[in-house]
Amino acid sequence: MTQTRLRTPPTYEQLRTMTGQELGVSEWTTVDQSRIDQFAECTGDRQWIHVDPERAKRQSPFRATIAHGYLTLSIIGALALDMGIVPENTQAVFNYGFDKVRFLAPVRAGARIRLRITLLSMEDKGPGQYLMKAANIVEIEGEQKPALTAETLVMLYERRRRRAGA
């Protein structure tokens with residue numbers, strides 16, 4: 001598999017014609033123990049399987065600590081933005097929700113993950129407003145099974161053009 005990055009962000013018109021196409025593949029990012037610990041501190045989810053490497057080595061079926069599923073899910077937004085799939089003339093991007101989230105394989109501390117995105121639909125929701133639905137696969141380097149799959153719903157707001165003389 002080769003990594004693809006969009007060189008120039010697509011326009012809204014281009015996105016409307018890209019349904020069913022892969023939008024790109026992100027760079028690899030490491031999910032290290034520090035990141036897992038920060039997420040645990042932030043959310044209050046300090047289950048030993050995530051934050052106690054010694055116990056995990058002894059008692060976990062994975063023989064290592066693993067990232068929270070929600071940590072892996074939350075990384076999707078940042079990886080997608082880094083890929084350059086948001087049109088340049090976008091004023092705002094909001095997470096609108098998720099469909100069909102499935103956690104398929106654990107992400108061990110120290111593993112590298114990347115995101116693969118395919119556009120499912122681009123729906124007009126009003127003047128300058130678009131609901132983008134995308135299929136996301138978070139791959140784990142060296143693993144056959146992905147960490148997760150999720151359909152994201154993202155609301156995009158196009159920057160308003162100023163009227164001449166305004």
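## Strand pairing around β4

Two strands are said to pair if DSSP finds at least two bridges between them. In this predicted model, strand β4 (residues 111–126) and strand β5 (residues 129–140) meet that condition, pairing in the antiparallel sense over 12 bridges. Within this pairing, N136 in β5 is the bridge partner of I117. The two strands form a hairpin with 2 residues between them, and in the turn G128 has a positive phi of about 70 degrees.

Strand β1 (residues 22–25) and β4 are antiparallel and share 3 bridges, with V25 standing opposite R116 of β4. Strand β2 (residues 29–31) likewise pairs with β4 in the antiparallel sense over 3 bridges, and here T29 is set opposite I113.

## The largest nonpolar core

The largest nonpolar core has 34 residues, of which V31, V107, L115 and I117 touch the most other members. The elements that give two or more residues to this core are the helices α1 (12–16), α2 (33–43) and α5, together with the strands β4, β5 and β6.

Leaving aside residues up to four places away in sequence, V31 touches I36, A67, L71, I75, V107, R108, A109, G110, A111 and I113.

## The largest pocket

The largest pocket holds about 310 Å³ of space. It is lined by 20 residues, and those closest to its centre are I76, G77, A80, V93 and V154. Two or more lining residues come from each of α5 (69–82), β3 (90–103), β5 and β6 (148–158), and α5 gives the most, with 6 residues.

By class, the lining is made up of 15 nonpolar and 5 polar residues, with no charged residues.

A135 is found in strand β5 and counts as partly exposed because its relative accessibility is 24%, a value that lies between the limits of 20% for buried and 50% for exposed. Apart from residues up to four places away in sequence, A135 touches R116, I117, T118, L120 and A150. A135 and K100 are 35 residues apart in sequence, and their C-alpha atoms are 9.5 Å apart in space.

R16 lies in helix α1 and, with a relative accessibility of 33%, also counts as partly exposed. Its contacts, again not counting residues up to four places away in sequence, are with M122, D124 and Y130. R16 and V107 are separated by 91 residues in sequence and by 34 Å in space, C-alpha to C-alpha.

Most residues other than glycine have a negative phi. R63 is not a glycine, yet has a positive phi of about 60 degrees; this residue is found in the loop between α4 (53–59) and α5.

K100 also has a positive phi, of about 50 degrees, although it is not a glycine. K100 is found in strand β3, and this residue counts as exposed because its relative accessible area is 59%, which is over the 50% limit.

Methods: Residues numbered from 1 in each chain as written. Predicted model: local features only at pLDDT ≥ 70, side-chain atom pairs only at ≥ 80, totals over all residues. Heavy atoms only, no water. Helix = DSSP H or I, 4+ residues; strand = E, 2+ residues; numbered from the N terminus. 1 Å grid on protein atoms, 1.4 Å probe; cavity = no way out; pocket = protein on both sides within 12 Å on 5 of 7 lines; lining within 4 Å. Points joined across faces, edges and corners; volume = space filled by probe spheres on them. Nonpolar A, V, L, I, M, F, W, Y, C, P; charged D, E, K, R; others polar. Core = buried A, V, L, I, M, F, W, Y, C linked by side-chain atoms within 4.5 Å. Buried < 20%, exposed > 50% of the residue type's maximum accessible area, 1.4 Å probe, protein only. Contact = heavy atoms within 4.5 Å.
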